[in-house]
Amino acid sequence: MAFGNPPPLHGLLSFILLFFSSSFLFHDHVAAAVTVTTTSIHLDVVRKPTPDVPIFREAPAFRNGDECNKESIHISMTLDSNYLRGTMAAVLSILQHSSCPENFEFHFLWARFEPQVFLSIRSTFPYLKFKIYRFESNRVRGKISKSIRQALDQPLNYARIYLSDILPGYVKRVIYLDSDIVVVDDIAKLWEVNLQGKVLAAPEYCHANFTEYFTELFWKDPELSRTFEGRHPCYFNTGVMVMDVEKWRGGGYTQKVEHWMAVQKQKRIYHLGSLPPFLLVLAGDLKSVDHRWNQHGLGGDNLEGKCRSLHPGPISLLHWSGKGKPWLRLDSRRPCSVDHLWAPYDLYRPNTHSLEE
Ligand SMILES: *[C@@H]1O[C@H](CO)[C@@H](O)[C@H](O)[C@H]1NC(C)=O
């Protein structure tokens with residue numbers, strides 16, 4: 001394993017301590033998992049801030065209500081130090097609105113081994129059950145075609161395609177979430193969706209003009225566009241998905257998505273990043289869930305500074321997809337009104353220097 005930026009010695013030592021107190025699993029050729037239990041080590045003592053990893057305050061402990069069973073709810077998200085503030089807020093929002101918060105098990109995917117990010121999660125959520133897996137970005141790097149937005153071309157954006165290879169076998173179902181979301185409802189309601197034999201559940205948007213997600217070249221090629229034959233394809237957003245992991249693995253969906261990425265390498269059939277190949281494989285063939293579970297687009301359009309307002313109807317999950325992120329807009333003191341809905345979940349502690357040595 002290689003360190004991206006060498007951490008300061010102090011941090012490194014504390015990580016090594018942790019390394020030996022945790023068990024490591026090696027899963028396939030794709031992932032190395034750090035298994036962490038809540039009893040592993042008291043990291044608040046050894047935690048030291050670094051310039052690139054912000055400091056967060058500790059979230060309270062959330063306890064199960066009396067009616068809770070022991071069934072785990074598996075959530076997967078990517079971990080990127082640039083989005084860490086979003087991830088922290090997302091996790092807090094999920095725990096806070098859950099009636100059985102101790103049932104969660106988080107599965108984080110990272111592309112780079114960043115001990116400080118690990119320590120940061122551990123100290124912010126000392127009671128959280130979570131694992132971190134390495135996503136081997138080389139697996140996808142050569143398959144990515146340039147999109148219209150550079151941020152979409154990060155290998156980690158493609159990690160969701162490989163969940164069935166990365167997650168351990170006992171995870172039969174997972175909710176995949178982007179890092180720029182907050183949940184304002186009990187996510188167990190989404191977790192319990194009846195997939196009715198489908199591999200994926202997500203809100204569908206049949207009013208969006210589906211044609212526009214693909215190029216003219218795609219639609220004019222009868223061989224290619226035939227892929228939608230017999231389906232009524234609608235746009236869906238890959239930032240919130242419930243996945244039947246076994247069905248995904250058994251059906252070879254990773255390879256199906258990769259196939260379209262290979263086609264895109266040959267001829268340009270779409271403009272965006274990881275979304276269109278998902279649409280090609282699964283649009284019109286998923287279990288539709290209520291729109292309340294992905295109020296997306298709150299990041300605004302590609303135009304700088306353009307705010308979006310909420311769509312009418314009930315909301316269970318807010319999603320700042322698009323270019324603008326609420327933490328950046330709040331920091332710049334030019335927030336959009338929807339950003340004030342994100343702010344209560346922000347655990348970031350600005351201007352916190354060093355903790356006691
Ligand atoms: C959808 O987009 C395509 C391509 O831009 C356009 O030709 C078509 O008229 C649009 N359809 C609707 C219903 O707006």
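These are legends for a handful of close-up views of a predicted model.

Residues count from 1 along each chain, in the order its sequence is written. Local features here need pLDDT of at least 70 and side-chain atom pairs count only at pLDDT 80 or more, while totals for chains, interfaces and linings use all residues.

**View 1. The whole chain, before zooming in.** The protein chain has 13 helices and 13 strands; these are DSSP runs numbered from the N terminus, with helices being H or I of at least four residues and strands E of at least two. Of its 357 residues, 40% are buried. Buried stands for 20 or more other C-beta atoms within 10 Å of a residue's own, exposed for 12 or fewer, and partly exposed for anything in between, with C-beta atoms placed from the backbone. Among contacts with a separation of 6 or more, 78% link residues 24 or more positions apart. A contact here is a pair of residues whose C-beta atoms, placed from the backbone, lie within 7 Å.

**View 2. The largest nonpolar core.** This core takes in 81 residues, and Ile-175, Leu-200 and Met-243 have the most contacts inside it. Helix 2 (residues 84–96) gives the largest share, eight residues. A nonpolar core is a set of buried Ala, Val, Leu, Ile, Met, Phe, Trp, Tyr and Cys residues joined through C-beta atoms within 7 Å. Zoom in on Leu-200 and, neighbours within four places in sequence aside, you'll find contacts with Met-241, Val-242, Met-243, Leu-282, Leu-286 and Lys-287.

**View 3. Helix 11 and what covers it.** In helix 11 (residues 275–282), eight of the eight residues are buried, including Phe-278 and Leu-282. The buried residues pack against strand 8 (200–202), strand 10 (235–236) and helix 10 (253–266). After the helix comes Gly-284, with a positive phi near 80°.

**View 4. Helix 10 crossing helix 11.** The two axes come within 9 Å and cross at roughly 120°. Axes are lines fitted to C-alpha atoms, for helices over the stretch in contact, and angles run from 0 to 180 degrees between N-to-C directions. Helix 10 and helix 11 are therefore oblique to each other; under 35 degrees would count as roughly parallel, over 145 as roughly antiparallel, 65 to 115 as roughly perpendicular, and the rest is oblique. On the helix 10 side look for Tyr-253, Lys-256, Val-257, Trp-260 and Met-261, which meet Pro-277, Phe-278, Leu-280 and Val-281 of helix 11. Sorted by class, that contact has eight nonpolar, no polar and one charged residues. Nonpolar covers Ala, Val, Leu, Ile, Met, Phe, Trp, Tyr, Cys and Pro, charged covers Asp, Glu, Lys and Arg, and the others, Gly among them, are polar.

View 5. Gln-196 is exposed, with 8 other C-beta atoms within 10 Å.

**View 6. Around helix 13.** Arg-333 is in the loop between helix 12 (326–331) and helix 13, and its phi is positive, near 60°. Arg-333 is exposed, with 6 other C-beta atoms within 10 Å. His-340, in helix 13 (residues 339–342), is exposed as well, with 11. The C-alpha atoms of His-340 and Pro-326 are 8.2 Å apart.

Definitions and conventions: Contact = placed C-beta atoms within 7 Å.
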